[in-house]
Amino acid sequence: MVEIPSTTKLTADHGTFSIPTGLFLNGEWRPAQDEAHIPVVNPATGEEFAAVSDASLKDAAEALDAASAAQEAWGLTKPRVRAELLRKAFDAVIARTEDFAWTMATEMGKPLAEARGEVAYAAEFLRWFSEQVPSQTGNYGPAPDGDYRIITTYQPVGPSLLITPWNFPLAMGTRKVGAALAAGCTVIIKPASQTPLTMHLFVEVLRSVGIPDGVVNLVTTSKSGAQSAALMSDRRLRKVSFTGSTGVGTALLKQAADNVMASSMELGGNGPFLVLSDADVEAAAEGAVTAKFRNAGQACVAANRIIVHKDVLPAFRESFLKRVAELRVGAGTAAGTTVGPLIEAKQRDSVLNLLETAKGEGANVLAGGHAIEGEGFFMEPTVIDGVAPGSTIARAEIFGPVAVLYAADSDDDAIDMANDTEYGLVAYLYTQNLSKAMRAAERLETGMVGINRAIISEAASPFGGIKSSGLGREGGPTGIEEYQDMKYIALTL
């Protein structure tokens, strides 16, 4: 192991800790070749508090050189060895929960309670995939005519580019890295430039537990499009996994097509939250607050469209607004904060512009509706109604703390409204009737459905969407398969 040439220090309630700020290439932390840097801004203050190396295209090429050179040996590493390394990484992440939580709360803005929850969730992917590695054994059996044997086995797809978002900077990384390493793939991680430090800290954890040189490489860059295009044009790269907007995902899929590259895309969402006629209104209101305002609404699984049966809408609205009024906006590191800042001024302005458009299209503001004056990128938790299902805000992925209430004439009408979108990531459904719940879940055009619960993400479950919300699944028993090729062998005895 080599010395880390540069770090940044964060001071938290539990003490001061260091995070590497360089690029991680072939087992070494080092600066970018042109010594460029990317500023890291605290969204609660708007001030730069750190900087990380800004990878050039030459740095990215070196990362692929390292990943390609390490692929054969890592792919042949005994499954138990890969499993034990992932388990060690799980233990190491848990041991540094406070370091990770304070890093996320500082660079992304999420409240510490949510950040600690993300650490636990993120670490679980490492443990889950460590447990799945030994079970990837394939199959053996006779052909139908009995003349030969059919053998199926799994092989790693090869060097993989993992592009992670800023809104869940640790969990979206471990969900990809855990699966790829478990499958025997080497990786190049490209974290979002707004929140790089969390992934830098995670890569240092992987280094500390003994991941071999070249297996994990990290290239943070401000030139994301150019870097991805350069890497994906090289036939040595065999997989791309992206979490982010549908627009960027579509562009990456077009680039992947040139080399017929394996692709996993976890893209945008416009989550419907259905409250049917027989729902427990208080439970639904509590769930809606969580599904909408967690992470300040900056989540692909956020409940953007809250569709309520007209018979229970008055009671639901009253309970929902009461709970929204109890939310507390503030810095993620401040005690009592339940809603943090938006990631940057550009994002806040985008949400405010969307809200103004909705008001111009007939929306009524029931709560909030304004930016919060002062430092940082804060916005009031906002609730609106009076919006037509086909309006601009109904079609958009809001990605901010704005909840939109819609009235449905019937339960069937609620389902039809829910499906009226190009997206199909997740839907939430509240009802006390099991048969109604299952019939509705089967009709909803989404890859995931939460019934009477507002948080459904789980390492043991397959996460992903349909339609414009993406391709493939992350997590669950199928998560490793996204990084594997199946091989069929016909054996004559």
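I take the axis of a helix to be a line fitted to its C-alpha atoms over the stretch in contact, and an angle between axes to run from 0 to 180 degrees between N-to-C directions. I note that the model I am reading is predicted.

**Entry on two helices**

I looked up helix α9 (residues 281-293) and helix α10 (residues 313-325), and I found that their axes come within 9 Å and cross at roughly 45 degrees. I then noted that the crossing of α9 and α10 is right-handed.

I asked which residues of α9 meet α10. On the α9 side I listed Val-281, Glu-282, Ala-284, Ala-285, Glu-286, Ala-288, Val-289 and Phe-293. On the α10 side I listed Ala-315, Phe-316, Ser-319, Phe-320, Arg-323 and Val-324. I sorted the residues of this contact into ten nonpolar, one polar and three charged.

**Entry on a sheet**

I next looked up an open sheet of three strands, and I read its order as β7-β8-β24, with antiparallel pairing. I saw that β7 (139-142) and β24 (484-491) stand at the edges with a single partner strand each, so one side of each has no neighbour in the sheet. I recorded a twist that averages 20 degrees from one strand to the next.

I followed one pair further. I found that β7 and strand β8 (residues 149-156) pair in the antiparallel sense over four bridges. Within this pair, I located Pro-142 opposite Arg-149 of β8.

Notes: Residues numbered from 1 in each chain as written. Predicted model: local features only at pLDDT ≥ 70, side-chain atom pairs only at ≥ 80, totals over all residues. Heavy atoms only, no water. Pairing = 2+ DSSP bridges. Left-handed = near helix turned anticlockwise from the far one by under 90°. Contact = heavy atoms within 4.5 Å. Nonpolar A, V, L, I, M, F, W, Y, C, P; charged D, E, K, R; others polar.
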